[in-house]
Amino acid sequence: MGKSENEILLADVVFPVPVQHAYTYLVPEKFNDDVVPGVRVLAPFGPRKVTGFVIGRKDKSDYPDLKAIEEVLDPVPLFTPEVLELARWIADYYLCGWGEVLKAALPAGIHLNSERVLRLVHENPIELAESLKSRSPRQAEIIGRLALNNPMTLNKLKNQMSVGSFYSSLKKLRQEGYVRVELSLPRAKVGKKYETIIKIPEKYTHDEMESFILDLEGKAPKQAKSLEILLRANNREFTRMGLAKQAGTNLSSVNSLVDKGYIELETREIFRDYYNQAKYELPKKLFLNTDQQNALNKIKAGLDVHEAATFLLHGVTGSGKTQVYIEAIYHVISKGQTAIVLVPEIALTPQMVSRFRAHFGDLVAVFHSRMSPGERYDSWRQTWEGKHKIVIGPRSAIFAPLKKVGLIVIDEEHEPSFKQSDLTPRYNARDVAVVRAILEKAVVVLGSATPSVESYFNTQIEKYRLLELPKRIDDVPMPKVELVDMKREPKIIGRKSPVIFSRLLRQKIDEKLSLGEQIILFLNRRGFATLFKCKDCGYTAKCDHCDITLTYHIKGHILKCHYCGYTRRAPDRCPECGGTDVMFRGVGTQRVEEELNELYPGVKAIRMDLDTTRGRMAHDRLLDKFGSGEYQVLLGTQMVAKGLDFPNVTLVGVISADTELFLPDFRAAERTFQLITQVAGRAGRKDKTGEVIVQSYDPGHYSLKYARNHNFQDFFRSELFDRHGQVYPPYSRIINILFRGKEEAVVRKAAENFAQMVKKDPCFEMLGPVPSTLSKIQNFYRWHILFKSVKKSDSGSRILKNSIRESLAEYKKKHKSKNVTLTIDVDPGSIL
């Protein structure tokens, strides 16, 4: 890859910034063979040095005075050509920067960006600070703080400073020559991990080591004991600290043995594995039923032709979809290819991981957010090195650095968590998987008992191929679902709070407990009560930073915001009028737990929500305890609705089916149907028939009636009818543009200005700007504009996206202020 004399080599580089074009750099001759598409480089970008990604090479540019690449950070490309192209497609489709996508595709913490460092260069800073105090206290404060910590990063100093003008004072100190600004390159936050172990030198025989021990016993007994432990360790390895602890001595004693040459140190890399303590049993031989085998045969036929194809595997809960995935992966591995399995984060349970590792052992790498940055980095790096052939993980695993991908599985494909909604790029891993499969000539299998309306619609128009598993394994009957109208439940005498357990649910709980069977109770709302209200003046406790009511948590007697984390002590009196007639309204998992303990004292129940699963491995430990039978009742949020298979669970109680049903979102009915159907599927296996009690104040709603009968087809038709009339997906594409800032008037003006810049077109509709449903979060006011592009007239939403791009370019030229941030969400999962 050399170049001829006088030929200039240039490279196109993208950075993790919200721009959709590349920057051209000179390639120094020494990097000629190293700068290739897919490697990271360090290059000047404005006043800083920033990690960028090479996407191409060329020998001509229309721009003079190009800057040069300063360092190549990778010996070989980190991205395959397919992943590079996939990132380009994501950037184009989701209207974000190509470099932003590539950064998201790598483990967090490996990027290098220079930071500005302030260095104090005056010989006597204390004297200087004293002389500045009278005429410029701010300059004196800067000098004083730098004198205590020199040099210091600009951001750190700024955070330490008292309120007042900072940059103007710093500028004057620089002009006077007292302070110098430098660029510093910090170390990457994650990298390889090493450990040092102790070894007996190979040059010594066993007898020689025995003589050393005898020689040391008189003058250095601790050293003798350490040496003896190491000699008789039977290949057990020790670190220096480990050996010192075992011998009851200190590090200096062990170091003395190193200095004398009796032992030697060996440094080696260690791999961090979140599941390194887990044990896996050999899988039982399972035989597919007719429906499973038919589905597998069609998937294998698709794999064998080496062409992109997407299958939707629609199987009722308990129909054996996972075993079909496993058999398809066996076929892929036998062909020398690799596989990606995407699962929702909350469904990535020990059961799921154990099942795959039991079949495929160390070929499986697992990615998920509960892993430490080092564990994620090691899993990613070993995959990149080719040591793993199968990757299991949440949405980010779609970027797994596997080569020769043959199969991509998306389990529970309907799950909203596959859509990234809080960070750029705001991609949907399900749709990205379909595009990666096209680039890799691979097969995608979307699996669900409750497919998304969009995916099932794609089977109707023959964009996807439909595979069905209509029955449970071994013909286990579907659970019997009963709806309870909570409006008809009698109030409890002497209590004003709402009824939590209906008469039917209490009856069924009594029945199952008497039989020694297990129960899952589901409520998709954590905390104790959702509302603190004064009955005298009507005061409602709201978050100081968000336009949302605070949730009462009984532990700590606190009111908490579930959006920004703000907490405060729950008052005994009304803060407004001082009245004592206050009430806690609404029901959360903590309140259900308290009621459960009152109704069934002595029954062991375990609660599983975000509040009880914060610790490392906490999620896994809770499920292990319930699975072993230590607890009879599992109470939780949507964490208990996915991916769990406990054969002794015969009853599922849905405390309230209404938590999602009446949200102002066009997907509310679909989410309710999916959640109820999924959680109902946890009940009943093999010889134990499952029962499900669903409590609601609107049991006549069509989503609940169809969930009761496990009737996806009629639900799909009803939902499709509603969406067609309102021109919502799958008949349109939606783009939501959100404006955020700390002054509502400024935010509103920015949104209105953007709307005026949009060139109208009959192919799309613009709604707004209006305040978001959640109009204020974390002290930021929120306004949004919703665009609907009709597929019939703008199938790829190109017309709409081009209009938004043009409006965005004009908006950025006219609005330089950083007081309002603008984010674009293509195909949003929610419009709240």
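## Rings that pair up

Let's start with Phe 212: at a relative accessible area of 17%, this residue is buried (buried means under 20% relative accessible area, exposed over 50% and partly exposed in between, using a 1.4 Å probe and protein chains only). Before going on, note that this is a predicted model, in which local features need pLDDT of at least 70, side-chain atom pairs count only at pLDDT 80 or more, and totals for chains, interfaces and linings use all residues. Residues are numbered from 1 along each chain as its sequence is written, and side-chain values use heavy atoms, with hydrogens and water left out.

Rings of Phe, Tyr and Trp (its six-membered ring) pair if their centres lie within 6.5 Å; planes under 30 degrees apart count as stacked, over 60 as edge-to-face and the rest as tilted. By this rule the model has 27 aromatic pairs. Take Phe 15 and Phe 45: their ring centres are 4.5 Å apart and their planes meet at 35°, so this pair is tilted. It ties together distant parts of the chain, 30 residues apart, with Phe 15 in the loop between strands E1 (10-14) and E2 (23-26) and Phe 45 in strand E3 (residues 40-45). (Helices, H or I with at least four residues, and strands, E with at least two, are DSSP runs numbered from the N terminus.) Phe 15 counts as buried, at 2% relative accessibility. Now back to Phe 212, whose ring pairs with that of Tyr 204: the centres are 5.0 Å apart and the planes are at 85°, so the pair is edge-to-face.

Ring pairs can also link up into a cluster, and here one includes Tyr 456, Phe 673, Tyr 702 and Phe 716.

## Charges over rings

A charge sits over a ring if NZ of Lys or CZ of Arg is within 6 Å of the ring centre and within 35 degrees of the ring normal. Arg 740 does this with Phe 780, its charged end lying 4.3 Å from the ring centre. Lys 788 has its charged end over the ring of Tyr 728, 4.1 Å from the centre.

## A strand tucked inside

Look next at strand E16 (residues 405-411). Seven of its seven residues are buried, so E16 is largely enclosed by the rest of the structure. Two strands pair if DSSP finds at least two bridges between them. Strand E13 (residues 338-342) runs parallel to E16 and is joined to it by five bridges; Val 341 has Val 409 in E16 as its bridge partner. Strand E17 (residues 443-448) also runs parallel to E16, again with five bridges, and there Leu 407 is partnered by Val 443.

E16, helix H15 (residues 429-440) and E17 form a right-handed β-α-β unit. Right-handed means that, with the strands pointing away from the viewer, the path from the first strand over the helix to the second runs clockwise.

Three strands make an open sheet in the order E10-E9-E11, with antiparallel pairing. Its edge strands, E10 (238-239) and E11 (264-270), each pair on one side only. Two bridges join strand E9 (residues 193-199) to E10, and Ile 197 stands opposite Thr 239 in E10.

## A helix with two faces

Helix H3 (residues 125-132) has buried residues Pro 125, Leu 128, Ala 129 and Leu 132. They cover an arc of only 100° around the axis, which puts them on the same side of H3; the arc is that of the directions from the helix axis to the C-beta atoms. On the face turned away from that side are the exposed residues Ile 126 and Glu 127.

What do the buried residues of H3 pack against? They pack against strand E6 (115-120), helix H4 (137-148) and helix H6 (167-175); contact here means heavy atoms within 4.5 Å.

Thr 424 and Pro 425 are joined by a cis peptide bond, with omega about 0°, and Pro 425 lies in the loop between E16 and H15. A cis peptide bond also joins Pro 729 and Pro 730, with omega about 15°.

Is Lys 404 buried or exposed? Lys 404 counts as exposed, at 58% relative accessibility. It is found in the loop between strand E15 (390-393) and E16, and its phi is near 55°, a positive value in a residue other than glycine. Asp 475 has a positive phi near 55° too, and is exposed, with a relative accessible area of 57%.
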